[in-house]
Amino acid sequence: MNIHEYQAKQILNRYGINIPKGGIAYTPNEAKRVAAQSSFRGPWMLKAQIQSGARNKGYFLEKKAGNKGGIRQVKSQRDILNQVEQMLGSTLVTMQTGPEGKLVSRLYVEAFTKVERVFYAGLAIDRVNAALTLLVAVLNGADISEIALSEPERILKLRLDLDGDTTPEQVDEVMRFLKLKPKSAKSLEVFINGLHRAFVDNDATMIEVNPAGVMKNGDIIALDAKFSFDDNALFRHQDILRLQDDYEKSERELQAAKYKFTYSEFDGSVGCIVNGDGIALAAMDLLRNHGVGTACFLNVKGGVDKDKISSGIKIIMTNPQVEGILINILGGFLRCNLIADGIISAASEVGLNVPLVVRFEGTNKDEAREILEKSKLPIILAETMEDAVNKLVEAMEESD
Amino acid sequence: MSVFCYKDTRVLCQGITGTQATFHIRRSLDYGTQVVAGVTPGKGGETHLGLPVFNTVKEAKTETGANSSVMYVPAKAVKSAVREAVEAELDLAVCIADSVPIKDMLEIKEILKGSKTKLIGPNTPGIITPGEARLGIFPENIHTAGKVGIISRSSTLTYEAVLETARAGQGQSTVIGLGDDMIIGMDFVTALEAFHKDAKTKAIVLIGQSGGTFEEVAARYYKDLKKKKPVIGFVAGNAIPFGHKMGYAGDIITNGHVTAQDKKDAFEDAGIITVDKINDIHRKLAEILK
């Protein structure tokens with residue numbers, strides 16, 4: 001689960017990390033009021049609150065929003081009103097939102113903070129070493145994603161303990177790496193320990209401060225913040241769960257989440273229903289070999305409830321982007337005949353208007369195939385995953 | 001021989017009285033697996049599926065000589081279940097549950113350090129040595145005993161790989177599902193090492209997927225091996241775009257090397273026979289084992 005920048009900053013602030021003065025605004029007048037409270041004469045930053053990186057490099061779909069990106073600096077009160085009117089209610093597209101973008105319904109208004117230099121700080125999990133890892137990099141104007149690919153040696157990686165604080169030696173190492181002046185030492189220690197504790201206490205999977213700034217007095221300040229949480233640990237964090245913004249998800253994603261299915265959307269045309277992420281990935285690869293993209297995939301996991309499965313299948317059948325459906329089930333605990341029943345009940349409710357190819361393997365596979373054959377629905381049966389993909393691509397070409 | 005589980009492996013089941021456990025332990029017993037005990041705290045002294053139930057793993061081990069555990073406990077209980085298995089010094093623990101919190105897994109990895117217990121999973125179909133023992137949720141009817149070792153992160157692709165061995169007219173020595181989670185117990189290297197020591201295994205199928213660098217680590221290990229058995233590698237996830245999720249920190253740790261292609265390149269560089277489609281595996285297997 002992700003949260004917005006302003007929510008992330010509030011959490012970090014509770015752990016002693018400095019953040020610029022600011023507040024959230026849903027209307028131009030609110031923005032003006034928050035701005036006046038944050039800084040007497042500006043300038044101010046207006047930041048679109050959508051859950052995506054690279055907002056400043058993004059663009060708005062609507063003409064009225066002007067040419068600038070999702071993060072804007074303004075110098076006068078009058079300019080605040082103009083810019084806020086442009087941004088609110090407009091759709092921001094970034095490299096992480098997909099071409100359809102995300103609606104901006106609120107802005108974070110902050111006092112512009114003058115800093116002497118900026119750096120990148122992140123906390124994430126090193127999967128292979130099963131370790132919490134602090135990442136620090138000097139940016140020098142470059143993008144962190146570019147540095148990661150081309151000059152990974154410019155990124156300091158430190159393993160942090162799950163219990164306890166970051167050690168003084170580690171803080172010193174970051175000091176040296178960033179070539180900070182001694183006056184920053186205390187503030188850097190608070191900053192790193194704040195990130196560390198915020199991560200562990202809240203079962204985070206990622207925190208990113210990109211960038212952090214060093215102010216004239218040496219203090220470190222978080223100019224941006226991203227926070228992701230472990231969905232599987234949310235049961236012990238009711239306070240975090242309340243921060244969930246349903247507007248960030250599509251109606252279909254919310255539906256799928258209700259049934260505890262995994263559901264992901266992409267920009268292609270095939271809807272995949274599978275019972276494992278690996279098989280979804282492999283099916284998407286095969287489709288791509290044919291030049292066909294995936295619209296979405298739904299992982300019904302070990303689902304055993306026919307009605308739940310039928311609801312899941314309906315999510316795919318009613319996605320307007322879907323021009324063909326691939327159902328690939330390898331039954332173990334999950335019985336294939338349940339999926340067959342679910343397909344028929346979903347098709348009878350919402351209709352089957354696109355080619356559908358089904359491949360069953362494993363528990364009760366023959367019974368399941370028989371159910372589909374008896375239904376007289378125009379369903380194509382396949383033997384292997386490759387066979388299923390070939391048949392679907394062929395059927396989609398014919399129906400064009 | 002096969003690896004990690006055999007016909008004389010004495011298995012206890014943690015969480016035996018649950019629905020999923022009941023369903024699968026019955027099937028494992030029918031398969032011939034030597035399940036000798038169950039563990040459910042508070043139900044010690046009862047009998048379930050004809051097996052004695054104990055309150056603790058230690059008791060079950062002392063009373064029945066069990067040396068391995070398959071656990072069907074819910075995600076929230078996994079940490080304490082693994083701790084118990086480690087403290088009882090079992091050889092093997094297989095954890096089926098999905099959705100285990102990542103922080104719990106980080107702690108579990110600390111618990112496992114320096115212990116003799118090997119953890120498979122979580123979020124795995126388990127481990128099966130066809131004709132000998134089934135610890136997990138495998139659809140056992142697709143397996144036959146043979147000389148191909150299979151190691152996979154994805155559950156469903158494990159089954160695909162098994163079907164491919166059948167299409168090649170071959171069976172499996174042992175099939176290991178490493179698990180589909182962010183942090184997993186056993187990794188490719190431990191499994192590769194075991195298959196290389198196992199006389200019965202003549203070829204290995206390795207199924208990876210995008211995310212993490214488990215495959216790169218396996219490739220490095222294999223590259224340095226003096227005596228290599230043939231390994232066929234497949235990696236799923238080429239169609240997933242880079243930076244699909246929010247933020248970069250996770251990708252920075254792997255220096256941006258997160259795509260399936262990066263892993264395939266690492267496989268090829270190490271001398272692993274890499275296939276583009278999972279349904280190509282049977283042809284390669286037939287060539288190697290003719």
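Here are some numbered notes on this two-chain structure, a predicted model.

1. **Ground rules.** Because this is a prediction, local features are used where pLDDT is at least 70 and side-chain atom pairs where pLDDT is 80 or more, while totals for chains, interfaces and linings use all residues. Residues are numbered from 1 along each chain as its sequence is written, and chains are lettered from A and ligands numbered from 1 in the order in which they are written.

2. **Chain A at a glance.** Start with the parts list: chain A has 13 helices and 19 strands. Both kinds of element are DSSP runs numbered from the N terminus, with helices being H or I over at least four residues and strands being E over at least two. Its C-alpha atoms fill a box of roughly 75 × 50 × 40 Å along the principal axes. Of the 400 residues in chain A, 48% are buried. Here "buried" takes 20 or more other C-beta atoms within 10 Å of a residue's own, "exposed" takes 12 or fewer, and "partly exposed" is in between, with the C-beta atoms placed from the backbone.

3. **Who touches whom in chain A.** Two residues are in contact if their C-beta atoms, placed from the backbone, lie within 7 Å. Take the contacts in chain A with a separation of 6 or more: 71% of them join residues 24 or more positions apart.

4. **Two cis bonds to look up.** As a reminder, most peptide bonds are trans. The bond from A:Gly42 to A:Pro43 is cis, with omega near -5 degrees. A:Pro43 sits in the loop between helix 2 (28-38) and strand 2 (44-48) of chain A. The bond from A:Asn210 to A:Pro211 is cis too, with omega near 10 degrees, and A:Pro211 belongs to strand 11 (residues 204-214) of chain A.

5. **Two positive phi values.** Most residues other than glycine have a negative phi. A:Ala130 is not a glycine, yet its phi is positive, about 45 degrees. Find A:Ala130 in the loop between strand 8 (117-126) and strand 9 (131-138) of chain A. Is A:Ala130 buried or exposed? A:Ala130 counts as buried because it has 22 C-beta neighbours inside 10 Å. Over in chain B, B:Glu89 also has a positive phi, near 55 degrees, and its place is the loop between helix 3 (78-87) and strand 6 (92-95). B:Glu89 has 13 C-beta neighbours inside 10 Å, so it counts as partly exposed.

6. **Chain B at a glance.** Chain B has 10 helices and 14 strands. The C-alpha box here is roughly 55 × 50 × 30 Å along the principal axes. Buried residues account for 59% of the 290 in chain B. Among contacts in chain B with a separation of 6 or more, 72% are between residues 24 or more positions apart. How does the radius of gyration of chain B agree with that of a compact globule? A compact globule of 290 residues would come out near 19 Å, and chain B has 19 Å, which agrees. That radius is taken over C-alpha atoms, and the globule rule is 2.2 Å times the number of residues to the power 0.38.

7. **A helix with a buried side.** Look at helix 6 (residues 188-197) of chain B, where B:Phe188, B:Ala191, B:Leu192, B:Ala194 and B:Phe195 are buried. They cover an arc of only 165 degrees around the axis, so they are on the same side of helix 6 of chain B. The arc is that of the directions from the helix axis to the C-beta atoms. What do the buried residues of helix 6 of chain B pack against? Their partners are strand 10 (145-152), strand 11 (172-177), strand 12 (203-209) and helix 7 (214-224) of chain B.

8. **Two domains in chain B.** The domain assignment gives domain 1 (1-123) and domain 2 (144-290) of chain B, with bounds that come from an automatic or database assignment. Their centres, taken over C-alpha atoms, are separated by 26 Å. The contact takes 16 residues from domain 1 of chain B and 18 residues from domain 2 of chain B. On the domain 1 side, helix 4 (102-112) and strand 7 (118-120) of chain B are the elements that give two or more residues. Helix 4 of chain B gives the most to that side, with five residues.

9. **Where the chains meet.** In total, 51 residues of chain B are in contact with 57 residues of chain A. Helix 5 (155-167) of chain B is one of the elements giving two or more residues to the chain B side, and helix 5 of chain B gives the most, with six residues.
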